[in-house]
Amino acid sequence: MKAALQNYHARMQRVLNHIDRHLDDDLDLDALSNVAAYSKYHFHRQFTATFGLSVHRYIQLVRMKRASYQLANRDAQSVTDIAMEAGYDGPDGFARAFRQRFGQSPSSFRKSPDWEPWLVAFGPLDNARSKLMQKTFTIDDVTIRDVPPTPVAIIEHRGDPATLGATIQRFIAWRQGAGLHPKTNPTFNIWRSERRPASPADFSVDLCVGVDKAIEADGGEIKAGEIPGGRCAVLRVVGNTDNLEPAALYLYRDWLPASGEEARDFPIYCQRLRFFPEVAEHETVAELFLPLK
């Protein structure tokens, strides 16, 4: 029974990966049922039962998620081009669908995104993806690494996680203006609170970019700091890197007590190595660092 369930999940995971890789293609039911190796007459019902979304709805949301990232972070890409990549015949239909889901026009979202309705709209998609993308980690997934100290420029986010998207957008805009490209300057997140604290006002995370020269303050929001060097337990996560909580829980709850190691007085942090939408979501990569004494 367990082997059969694992095989079923693997076939459904292949479908999600195929959708991610071929968002610009015609993702019809025949093609996707062939990927899953199921009859098309049953595949769409199996997909809906597994993920709580129809195949068509799932693809719409994935395309719209990519489009919203492109609007927020790629000023050079026109709304028409983004609409076409999202599967619409033109910008008018895309604008109607976008406004219906997020309460903003694409051009308004590009100028000043309202991330709270965005999070609500993509809740069903995140829930669907999490059904198969939760990984069970083992001791073999963790390595101990000596890392050098890393000077960083920091934008601090303090308060409701629903507004984190706006902070991320400011962070991206600043680093682009400073010429700090992710391929040359590493990206880090330092968690100074739980992912879901009892009060949203207590949520705290630092958005950081590695720097090799002095930084200029930007109205006081950009701060200089350092990620200290030393021994760290490192856990690599591939796919679903929007939610690193399962990996962090494994390090703290399972790996650390069994390892005989002691945590150092610095928060757990991650380095983001491959990003959505530059790569498909299942190909995103992050490394989680637990500082050790």
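In what order do the eight strands of the open sheet stand? I took this up as my opening entry, bearing in mind that the model is predicted.

**Entry: the sheet**

I read the order of the open sheet as β1-β6-β8-β7-β3-β4-β2-β5, with antiparallel pairing. I then looked up the edges: β1 (142–147) and β5 (222–227) are the edge strands, and each of them pairs on one side only. I noted that neighbouring strands of this sheet are turned against each other by 35 degrees on average, direction ignored. As background, I recorded that strands of a sheet pair through backbone hydrogen bonds, either parallel or antiparallel.

**Entry: β3 and β7**

How many bridges join β3 to β7? I found four, and the two strands run antiparallel. Within this pairing, I located Thr187 opposite Arg272 in β7.

**Entry: a helix across the strands**

I looked up helix α10 (residues 164–177) and found that it lies across β2 (150–158), β3, β4 (204–210) and β5. Helix α10 runs at about 15 degrees to β4.

**Entry: aromatic pairs**

I turned next to the rings. A pair of aromatic rings is described by the distance of the centres and the angle of the planes. The structure holds 20 aromatic pairs. One of them is formed by Trp115 and Trp118, which are edge-to-face at 5.2 Å centre to centre, with 80 degrees between the planes. Why are Trp115 and Trp118 separated by about one helical turn? I noted that they are three residues apart in helix α8 (residues 115–121), so about one helical turn lies between them. Are these two residues buried or exposed? I found Trp115 buried, and Trp118 likewise.

I then examined Phe188 and Tyr269, an edge-to-face pair with 6.2 Å centre to centre and 65 degrees between the planes. This pair links distant parts of the chain, since Phe188 belongs to strand β3 (residues 187–191) and Tyr269 to strand β7 (residues 269–274), 81 residues apart. Phe188 has a relative accessible area of 6% and is therefore buried. Tyr269 also counts as buried, because its relative accessibility is 3%.

**Entry: the ring cluster**

Which residues do ring pairs link into a cluster? I listed Tyr69, Tyr88, Phe94, Phe98, Phe102, Phe109, Trp115, Trp118, Phe122 and Phe276.

**Entry: charges over rings**

I returned to Phe276 and found the charged end of Lys65 over its ring, 5.8 Å from the centre. I also noted Arg11, whose charged end sits over the ring of Tyr38 at 3.8 Å from the ring centre.

Notes: Residues numbered from 1 in each chain as written. Predicted model: local features only at pLDDT ≥ 70, side-chain atom pairs only at ≥ 80, totals over all residues. Heavy atoms only, no water. Phe/Tyr/Trp six-rings, centres within 6.5 Å; stacked < 30°, edge-to-face > 60°. Buried < 20%, exposed > 50% of the residue type's maximum accessible area, 1.4 Å probe, protein only. Lys NZ or Arg CZ within 6 Å of the ring centre and 35° of its normal. Pairing = 2+ DSSP bridges. Axes fitted to C-alpha atoms, helices over the stretch in contact; angles between N-to-C directions. Contact = heavy atoms within 4.5 Å.
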